[in-house]
Amino acid sequence: MKIEPKISEDILLDEVTSKEYEYGFTTNIESEKIEKGLNEDVIKFISKKKNEPDWMLDFRLEAFKVWQEMEEPDWANVNYPKPDYQDIVYYCAPKQKKKLNSLDDLDPEMKKTFDRLGISIDEQKRLANVAVDVVMDSVSVATSFKEKLAELGIIFCPISEAIQKYPELVKKYIGTVIPTRDNFFSALNSAVFSDGSFCYIPRGTECPMELSTYFRINEAGTGQFERTLVIAEEGSYVSYLEGCTAPMRDENQLHAAVVELVALDSAEIKYSTVQNWYPGDKNGKGGVFNFVTKRGICHDNAKISWTQVETGSAVTWKYPSCVLKGKNSIGEFFSVAVTNNFQQADTGTKMVHLGENSKSTIIAKGICAGKSNGSYRGLVKIAKGAKNSRNFSQCDSLLMGDKCGSHTFPYIEVDNKSSQVEHEATTSKIGEDQIFYCNQRGIGTEEAVALIVNGYCKEVLNKLPMEFAVEAKKLLEISLEGSVG
Amino acid sequence: MLIEEIKKHVVDTELTSTQKKSLDYFLENGFPTTSDEDWKYTPLKKVIKRKYFLQSSDFELNDEIIQQYSLGFKNKIIFKNGKIYSEPKISGLSIKKTRDLCMPKNSALCYLNEAICENTYEIIFDKNLNLDNPIEILHFINNDNDYFLQLRTKITCGSGSNVKLVERFCNIGKKTLINSCMHADVKRNGFFEISKLQSYNDNTHTIDNTLVDQDRDSTANVNTFSFDGSFIRNNLNFYQNNENCTSNMNGITIINKSNFVDHHTFVDHKFQNCLSNESYKGVYFDNTKGVFNGKIMVRPAAQKINAFQSNNNLLFSDSASIKTKPQLEIYADDVKCSHGCTIGQIDKKSLFYMKSRGFSEKTAKGLLTFAFLIEVIEKLNTKEIVDYAKTEIAKKLSIEKGLL
């Protein structure tokens, strides 16, 4: 058969690598922001602006104190210029004249933004049955379906609102899964977080729709520090989605979020993320630094499942974890991490088994192209008391191009004799024979790669809710087409 | 404690410029602690807090003792407290003592070794030397005081040579901490194999650093048998400095009481068309602790690499623990790299099957455990070593050797 001339591949490669970031627009919305820099006054300002009670302010100030004593860690397998934490705007909100009651009152400019993002709140409202909370530049701007959820006793609102309305709930759980001093970024987030989502599912309730948050950094020079807290009471179920985008900017923007999940006895939380922050241009300029701390705690018979598709960010540093505290608890982690151009990702999970018969599954798929570097870093710890625990981990990497790197750092610690742990990892490229097979059957190299990558990620994509799976598939194609010659 | 002793020791000795540099480096960095990533699970602190002396004394060595520790090979190189005692007469083999020899290093302990080791030996195998039988390297240690011993050997395998070695440290005296550095330089088309027999008494703590440099078309095998030792740390590094190299690592660890064994391996694939194969199996009883850290690095130019690594472990006690980290760092795309790691127990169904056919629980468990290890044993090609391994394994599993 005729082999495609090399030149066409180069053109293709060129086309794809020069493909612009689709969500790189900015929205002209008047916004309110404070001066750059971080000090106690800024924290007090944020707290006051949010009309927070004293205990919340104390929580923030305590975190700030802790943060000042901490040093930015550098153990991850990533290289980046350390952000100047005094050169960031810590509070920025789209200006609003009055509190909104329904989405129809939304600023038309902002509404246009959502349409371009593809969220189209109206459409989702009708078709997808998804309740959306939109966080723009760290402030929650719209929450849909609130009333309907309220009938079931489900609370789904911006965390700033929850602090006002349900202080006892927030106070009871905030900082319990991820303590303030957990790490540098969680301490920073605890001090300055401006908004985020709060979700509470009452006992025995199955949340009838997917809950979703969209995060967007709009304003230049701002950092986004959102905080999400999901509490699933005994026997309840919730599926939660999170998506992120940012405009194209030359400077690096910082995103340091904290997500805490609490799954009480027999509860189940499914947390899915499609992360598509601006990854920087093809020369590695700009892009979002994504330093996120995510952790969930599982009580008896509870289950937490993390699913993530990571395609964006210049630097990703993220380890969604499960603390399997209760008996028979289950933790799951499914991840696809794609890096291209100069992107760097150090991502993975931690499964800490404390309860008897706890089980965990880790499926991590990495795809590296261009000059990017992807790392899987994971910990499976089985404590002495976690008898009969079971873990299965699989992390595979697919390399496209000879200038990228893929790395695996799995830590496995077992302290009893009745547990079983398996770990396997492979690294390879797409086989020439596989491509040849497709070519033979009339499938072009481009399509063949997409087909193979899709098959490779299927295990993870299948875990995503339908609407997200479609988006994720599209993202994968955009990120990777033509990366293999 | 030990650092004071070292400082005291170097005052009275004259150091060469290489040694001085190394000493400065070591004193600046000190002994590794658990906050070093490579020593995270290895509490060296406990080992070095004891008072050891660096001065060596002499002792009588007789054939009876030598026989006791020898596997019965004809050719032996014997060291007494680090000093050469006897060497075989083989044409093409020369052994010489040197002082100022800079060797590659993989930890602060190698720097210390370079700085204060008084007896460095170069063992040179000429090119095209083909040895039919392995040569035994036996280190006998017996000191008047508790002893911090430095061993330092450089082995050169000439091009086209075929060299097999068996190494064993035999401590017949007081408490000893051995810090051994071995650098093997395998030239073009050379074949080098070393089997490390580690069955130490409770008096012996060892830190064993082995670095292997490989040239084009060479093969290097390192077999490590850790059967006893209250503290064993093995650092094993392979550097493939040209194309078409093969590196094999086999390890069997089967320990009881409160023994501690730590294997750190590193394979550096720098050129294309190379292979590495790593298989470590561990069985842990009682209060034992096992650590495994296998790192495979594939550099950007190293295409067509095939790297395989597996680490399987059986835990037989709730007080035993295993920490393992099979690590891959890959910068080239046309490679096949995989690693697998398991931690578990004997399959209950198999055990039941054997018991229902009249095996006692102990024998059934023993046989199944042996079956678990057999994959590594089958890779060994010297009868005496297989025999040694089977004897030790049978002893550990308390079953008759005849059954294996």
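Here is a walk along the interface between chain A and chain B. Keep in mind that the model is predicted.

Let's start with how much of each chain takes part. On one side, 35 residues of chain B are in contact, and they meet 32 residues of chain A. The size of an interface is often given as the accessible area lost when the parts come together. Here, chain B and chain A bury about 2700 Å² between them, and 47% of that sits on carbon and sulfur atoms.

Take B:Asp318 to begin with: its side chain meets that of A:Lys387 in a salt bridge, at 3.8 Å from N to O. The count of salt bridges between chain B and chain A is 2, and there are 18 residue pairs in polar contact, counting pairs with both residues at pLDDT 80 or more.

Now for the elements behind this. On the side of chain B that touches chain A, strand E18 (321-330) and strand E19 (335-344) each supply at least two residues.

Strand E24 of chain A (residues 420-429) is joined to E19(B) by 7 bridges, and the two run antiparallel. This is where B:Ile343 returns, as the bridge partner of A:Val421.

Terms used
Residues are numbered from 1 along each chain as its sequence is written. Chains are lettered from A and ligands numbered from 1 in the order in which they are written. This is a predicted model: local features need pLDDT of at least 70, side-chain atom pairs count only at pLDDT 80 or more; totals for chains, interfaces and linings use all residues. Side-chain values use heavy atoms; hydrogens and water are left out. Contact means heavy atoms within 4.5 Å. Buried area is the accessible area (1.4 Å probe) that two parts lose on being put together, summed over both. A salt bridge is a side-chain nitrogen of Lys or Arg within 4 Å of a carboxyl oxygen of Asp or Glu. A polar contact is a pair of N or O atoms within 3.5 Å; within protein, one must be able to donate a hydrogen and the other to accept it, and residues adjacent in sequence count only if both atoms are side-chain atoms. Helices (H or I, at least four residues) and strands (E, at least two) are DSSP runs, numbered from the N terminus. Two strands pair if DSSP finds at least two bridges between them.
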